[in-house]
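Here are a few friendly comments on the charged side chains in this model. Please have the structure open as you read.

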Amino acid sequence: MNYKHYLALFCLVFIFNSCDDDTDCCPMPEEETQFESGIFVLNEGNFGSGNASVSFIDSENEQISNNIFSNVNSRDLGDTAQSIEMVGELALIVLNVSNRLEIVNRYTFESLGTIDAELNNPRYAVVEGDKIYVSNWGDGMDPDDDFLSIFSLNDLSFLGSVPVPEGPEKMVVTNNTIYVAHTGGFSFNNIVSVVDTQTNSIIKEIEVGDQPNSMVVQGIDLWVLASGKPAYADEETPGELSRIDITSNELAETYEFPESSFHPSNLSLADGSAYFTAGKALFRYNFDFNLPETAEFSFDEISVLYGFEIRDGKIYIASPNSDFTGNGNLYIYDLANGSLLEQFPVGINPNGIYFN
Amino acid sequence: MNRHLYILLLFLVGCAALNAQEVPVNWLDEVVLSDVKLKTNSEGQLVRKLSDSIIEQNEPFLVSLLKFNTPYFFRENGYGGVASASIRGTGAAQTAVVWNGININSQLTGQTDFNTVNTGVFDNISIRPGGGSVVYGSGAIGGTIHLNNKFQFDRENDHSIFMALGSFDTYQASYNGNFSNDKTSLNLGMSGITSENDFVYPGTEITNENGDFENLSLNVSLAHWISDTNILKFYSNYYSGDRAFSGTINLPSNSFYEDRNSRNLLEWKSFFGKLTSSFKIAWLQEEFKYFENRDSENHSFGKAGTGILKYDLGIEISENKNLNFIADYTNIQGEGSGILNADREIGGFSALWNHDLEKFTYEFSLRQEITSDYSSPLLFSVGGNYRFSDIYLLRFSASRNFRIPSINDLFWQAGGNQELDPETSLQYELGNEFKLKDFEFNLTGFFMDITDLIRWVPDSSGLWRPVNTASVHNFGLEFFGGWAKTLDEHKIDLSASYAFTKSINQETQKQLIYTPEHKLTFSGGYEIKKISAFFQSFWNGSIYTSSDNQYELDPYALFNLGLGYRLMDKPEIFLQAQVNNLFDENYQSLPGRIMPGRSIRTTIKINF
């Protein structure tokens with residue numbers, strides 16, 4: 001191990017960390033709106049039942065409103081909501097089973113448009129310039145039909161698609177480049193593909209740990225957390241944390257967790273540290289060349305850690321009902337000591353937390 | 001069709017002709033019935049037989065028959081799709097389907113898909129609410145459904161042909177034949193149905209895409225006296241079903257599912273004075289293939305073979321006291337996508353005691369299984385009935401029953417848990433039977449304490465695994481009633497059933513999902529000369545679809561109405577036309593799985 005290199009890295013991290021992530025600075029609406037400031041919880045609903053919904057907790061009065069999409073737009077959101085991408089004044093809601101993208105104003109939740117073509121098993125969306133990129137699994141059993149579909153942000157027209165390796169999931173955009181984590185869909189994959197948005201083609205596939213599930217950009221580094229293959233795979237593999245230099249798109253470092261049964265996810269940056277979860281526990285990595293061996297604390301109140309965010313010193317966890325049949329909860333913990341601060345009942349199977 | 005059958009036929013042909021057989025009366029049940037225990041081991045429980053005419057009023061799916069004629073809930077993934085039962089508030093794997101005395105629940109899932117049993121090939125179908133694991137094994141908790149064939153040695157040959165034509169390009173045909181002489185009885189049945197099943201969801205303009213199905217079932221039952229005191233009985237059933245799995249309103253589907261199940265049972269029964277000896281060999285094979293995309297060859301599969309050896313010695317201690325000792329061995333081998341090394345062996349010993357005092361009859365039975373995978377509880381059943389008068393009979397029963405972990409529970413690769421224990425149920429019931437001239441009814445109260453319920457829940461890493469988790473108390477009331485009257489040329493009959501069911505998770509004090517508190521059925525028939533009419537109906541109360549009881553499905557009622565006409569007497573030709581779901585009810589037993597609206601069915605039956 002090259003300790004000098006880590007030391008340099010640590011310094012870099014420290015310097016670059018001063019500029020925060022861009023989700024903090026979104027344009028404010030001109031007049032006061034219903035969802036001006038607060039927390040959204042995306043409730044995926046039950047597979048095949050068409051009962052996905054969005055809940056909102058107003059930061060002013062801590063009042064919770066459920067089913068805000070259907071209340072505002074007088075129609076159901078759809079089936080199995082996978083994710084939301086917040087960009088500018090927009091919220092792009094990806095509906096996996098409905099094969100649909102709902103585009104709403106993030107402050108009013110009024111529908112601005114719907115994309116329901118050229119999507120097949122869509123997972124996540126990102127926006128680069130005036131283009132929307134959506135990762136699609138295609139047929140879950142077919143490893144060769146996965147793709148990114150591209151739409152115009154102006155008129156929602158289909159612009160084309162990029163065939164990609166199996167199981168494209170989360171994406172990160174920086175400088176005309178999209179980094180796509182390939183968990184592998186129904187199977188397992190261990191690739192981060194690099195898509196040039198000028199040419200809309202893959203310029204590189206970077207091998208990381210098995211099942212890369214979360215990525216964060218810090219300065220010139222893309223940190224990728226892979227969970228490893230689970231116990232039921234042909235061979236169980238431990239999680240890995242990788243650093244990719246985005247100036248060269250080279251894999252710079254890889255740290256493998258010692259236990260093959262250790263499967264981390266939800267990599268997040270806060271206060272100069274990296275945080276991730278394993279099971280119901282939170283771990284903290286201080287960029288000190290040593291992967292953490294013990295948990296900071298664990299979230300005993302939750303049933304399942306299904307959605308996770310850290311923001312402004314608080315941890316937000318979306319937890320479905322223990323058997324995924326009824327309403328779930330949003331739990332808010334203090335990042336400093338792990339104490340439970342608040343709890344809100346939300347919709348069916350909450351999987352993601354977003355902020356206005 | 002069936003290799004075992006041909007081997008047996010050859011064997012039988014080789015047997016020397018024997019003298020005409022006069023069956024002693026006390027052997028009769030043992031000879032004629034395939035499952036004599038259904039009679040002798042149900043002293044404390046109601047056994048309710050569904051008649052042929054009722055069976056023919058519905059398409060030949062077990063679920064269609066039972067939802068109109070029992071107070072139990074059936075959950076259907078669309079018409080023709082995967083269907084499961086909830087009897088007395090229990091789960092899908094807590095109901096056993098028993099074919100000629102053999103439990104045929106899937107070894108892979110622990111349950112029977114009630115849309116993969118074609119009802120057209122059995123001589124009778126009975127329901128037996130309540131526990132029965134001592135005799136019927138795993139899953140006999142809420143109740144058991146019995147599919148039986150029987151023999152007659154009356155030198156008669158008879159045939160029955162049945163055909164039906166219905167909406168949505170539905171075609172059904174079946175043939176049943178009985179052939180017998182003094183020594184040999186052969187019973188053949190075949191039944192098939194095919195349907196496009198492309199109905200429009202009521203209240204929408206959406207068509208049930210990808211819902212087509214077809215299935216074929218063949219059944220052979222053969223009995224032959226090989227000597228004055230030895231009879232061989234052979235039963236074979238083959239089922240082949242191909243189904244497209246339709247989607248929901250929200251979830252388009254292009255998936256396809258194939259079932260191939262075969263069941264063979266050979267029994268050698270001998271009578272030695274006060275002893276009845278029965279040796280059974282059974283071989284069951286189940287196999288499925290699932291195609292997520294029916295246009296592709298990619299599929300997942302699962303199969304399981306079950307071999308059973310069973311020896312049953314019956315001792316008639318005196319005219320009214322019977323004792324049976326049973327030893328059995330079961331070997332199960334499963335394989336499939338995601339299943340590894342799924343072999344298991346189970347040994348079992350049972351003792352059954354039946355004592356018939358003039359007004360009071362009781363039975364007592366015990367069973368212990370031994371297996372390497374999990375520890376088995378001692379199963380027992382105590383049941384009896386007391387006849388107070390011609391009008392009133394009181395039944396009682398107490399039993400401990402179980403549901404063993406299925407192959408998927410134990411070995412499924414993503415989550416299979418080999419530490420599982422069987423679900424165990426300690427249950428009691430008290431039944432009242434009233435018979436007054438043309439009127440009879442049964443009212444039963446029951447209580448069940450089910451522990452170690454096996455549930456698939458996500459563990460801390462989000463992986464779904466089966467664990468022995470909740471404890472549930474089920475209790476309720478169950479009613480079956482009937483009235484039949486013949487007045488000159490008018491024949492009229494009515495029957496009804498109702499169940500009030502509470503199924504309460506002891507941890508949360510909430511009602512279990514997919515268990516309605518109320519279900520009511522009501523049906524009747526009227527016949528004058530050559531003309532007949534019938535109706536069938538049921539009302540299903542609301543059901544919770546979430547364990548926090550926050551979400552529920554609306555109650556629904558279905559009504560079918562039919563008219564029949566007897567065209568000829570020799571051969572007997574009977575025509576019938578019916579309207580199903582007359583009021584075009586928009587209903588679903590699973591969210592998003594809308595069932596068909598109004599449809600028409602016409603049938604012809606020829607007996608000769």
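The points below cover salt bridges and a charged patch.

Before the points, note that this is a predicted model, in which local features need pLDDT of at least 70, side-chain atom pairs count only at pLDDT 80 or more, and totals for chains, interfaces and linings use all residues. Residues are numbered from 1 along each chain as its sequence is written, chains are lettered from A and ligands numbered from 1 in the order in which they are written, and side-chain values use heavy atoms, leaving out hydrogens and water.

1. Do look at Lys37(B) and Asp312(B), whose closest N and O atoms are 2.6 Å apart in a salt bridge. This pair links distant parts of the chain, helix H3 and strand S15 of chain B, 275 residues apart (helices, H or I of at least four residues, and strands, E of at least two, are DSSP runs numbered from the N terminus). Both Lys37(B) and Asp312(B) are buried (under 20% relative accessible area; exposed is over 50%, partly exposed in between, with a 1.4 Å probe and protein chains only).

2. In chain A, Asp234(A) forms a salt bridge with Lys229(A), at 3.5 Å between the closest N and O atoms. Asp234(A) is exposed at 70% relative accessibility, while Lys229(A) is buried at 16%.

3. A network of salt bridges links Arg75(A), Arg100(A) and Glu102(A).

Notes: Salt bridge = Lys/Arg side-chain N within 4 Å of Asp/Glu carboxyl O.
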